[in-house]
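I opened this entry to look at a complex and note what I could look up in it. My notes follow in the order in which I took them.

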Amino acid sequence: MVLFAGCATPHAQKRIAAFSTALSIATSNTTDAFETVDQKFYQTKIALLVNNYDEKGFNPNTEMRFLTGQDLAVREELFKGLQLYAEKLADIMSDAQLKEFDAETKAFGASLQKLNGNDAFKNIADGSSSTNIDAFVTAVNAVGSFFINYKREKGVREIITEMKQPIENICNTLISDIGQPMDNHGAGGLGLRNQSWLQYDVMLKAQIGFIDHNAGKLDPATKAEAIAKLPSIVEEQQKVDLTLKATQNTLKKLKKTHDELVKAFDETCPTLENLIAELIHEGKRVGDFYKSLEKK
Amino acid sequence: MAKELKNELTQQEVRDIFGALYKDLDDAYWSATTIVDKDRISGIQGAVFDILTELNKAHIKSNTEKFKELISTVNNVNKRLDMLKKDIDKIIHKIDVATRVAKTVDKVLTQAVKYFKI
């Protein structure tokens, strides 16, 4: 009975850990993506300010940030919520509560043994052998573990199945946040990748403008340094875009690891190998518990 | 009707229109041979960049609204996980109660034997 109740546990624990890792990577990469584009937006604005200062001066109302505090705060809150989701899943599917239950049943067994040794109790009840009490406590432990496993697996299965769609929506929306640069005809561009690509483009032209306008005033070393920046801007433009694209891949991976988590609970011990693994897992736990009673 | 639909451009269509303009200006910029021409073109391109920036911002902002709804879903699920953990704790707590009962019975019987012949 215990075996069937604990069917998904070993798979789920591994997959929750994998989901948690994927989540940390994806959220930290996405946060970096936003910060990078925002920081480069600031640098682009500075480059434009420097180039246009003689004609336009500085307007203190110029927006120097790409993102508003609210856009970032909402995403940060979402990431914290997801992190909490992974932590709570790991907490429930860990052996912590089963260990606590083992400790409680052990204490219960000790109390029964003590009661059994009480002279007054012996007089009013037929004394049970200590072996019988150990067997009874082991049975209580096995039944209790079954209920714990059954309850948590049923509850967690329902929750992660319900979360399949929201997780997909979250990942897809974050992927859409990052978007893509426009093609050669100017079509299809959106999100952070489009913004980033344009920013580097503007920075490149600002740098060219700076060199053109100051060609006669710059000393050779400064001029060489300014010119050397041009290919590095183009190179960085491509590197940042590839990094943003890689971030989208980590989000796709996150979606996949959550799907794997759902699958862990969909599987009803499909292979003999899994059955044996689960049998060993649960059998060992019950065996260890029984041995721990004998040692006391 | 069809005319009305045509007038309502999607966000992406608007981005594409300005994107195409930006690219055309880009071609013109790289073809220009004088600093004056380059300055003039990059000046206009700068204005298109500002518009595209606003459109990219609008896209992020529309996603922010979607995330607000998703946050409440995640928070609700986290509350349900808390409740599930509490339910499991109740099973553990029941054994704890049984232990306390056994201990109390032991204690009562130990004291009772002093006063009654049991």
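**Notes on chains A and B**

I began with chain B, whose elements run α-α-α from the N terminus on. That makes three helices and zero strands in chain B. The model is predicted, and I kept that in mind for every entry below.

Confidence. I looked up the scores for chain B and found an average pLDDT of 87, with 91% of the residues at 70 or above. Where in chain B is confidence lowest? Helix α1 (residues 2–7) of chain B has the lowest mean, 55, while α2(B) has the highest, 96. Where pLDDT is low, the predicted coordinates should not be read in detail. For the complex, the predictor gives an ipTM of 0.80 and a pTM of 0.80.

Shape of chain B. I looked up the radius of gyration, which is 37 Å for chain B, whereas a compact globule of 118 residues would have one near 13 Å. Along the principal axes, the C-alpha atoms of chain B fill a box of roughly 115 × 45 × 15 Å. I also noted that 21% of the 118 residues of chain B count as buried.

Helix α2 of chain B. I checked the length of this helix, residues 11–31. Its 21 residues should span 30 Å at 1.5 Å a residue, and the end C-alpha atoms are 30 Å apart, so the two agree. The buried residues I noted in α2(B) include B:Arg15, B:Asp16, B:Gly19, B:Tyr22 and B:Leu25.

Chain A. I counted nine helices and zero strands here. Of the 296 residues of chain A, 36% count as buried. I then looked at contacts in chain A with a separation of 6 or more: residues 24 or more positions apart account for 79% of them.

Where the chains meet. I found 63 residues of chain A in contact with 54 residues of chain B. On the chain A side, α3 (69–93), α4 (96–117), α5 (119–124), α6 (130–178) and α7 (191–214) each supply at least two residues. I sorted the residues on that side into 29 nonpolar, 20 polar and 14 charged.

The cores. Which residues touch the most other members of the largest nonpolar core? They are A:Leu78, A:Leu89 and A:Val156, in a core of 51 residues. Helices of both chains each supply at least two residues of this core: α2 (9–56), α3, α4, α6 and α8 (220–266) of chain A, and α3 (35–115) of chain B. The most comes from α6(A), with eleven residues. A second, separate core has 14 residues, among them A:Leu198, A:Met203, A:Ala206 and B:Ile41.

I picked A:Gln97, which is found in helix α4 of chain A. Why does A:Gln97 count as buried? There are 20 C-beta neighbours inside 10 Å of A:Gln97, and the cut-off for buried is 20 or more. Apart from residues up to four places away in sequence, A:Gln97 touches A:Ile148, B:Ile88 and B:Ile92. I also looked up A:Gln97 and A:Asn149, which are 52 residues apart in sequence and 10.0 Å apart in space, C-alpha to C-alpha.

Methods
Residues numbered from 1 in each chain as written. Chains lettered and ligands numbered in written order. Predicted model: local features only at pLDDT ≥ 70, side-chain atom pairs only at ≥ 80, totals over all residues. Contact = placed C-beta atoms within 7 Å. Helix = DSSP H or I, 4+ residues; strand = E, 2+ residues; numbered from the N terminus. Nonpolar A, V, L, I, M, F, W, Y, C, P; charged D, E, K, R; others polar. Rg over C-alpha atoms; globule rule 2.2 N^0.38 Å. Buried ≥ 20, exposed ≤ 12 C-beta atoms within 10 Å, placed from the backbone. Core = buried A, V, L, I, M, F, W, Y, C linked by C-beta atoms within 7 Å. Expected span 1.5 Å × (residues − 1). pLDDT = per-residue confidence, 0-100.
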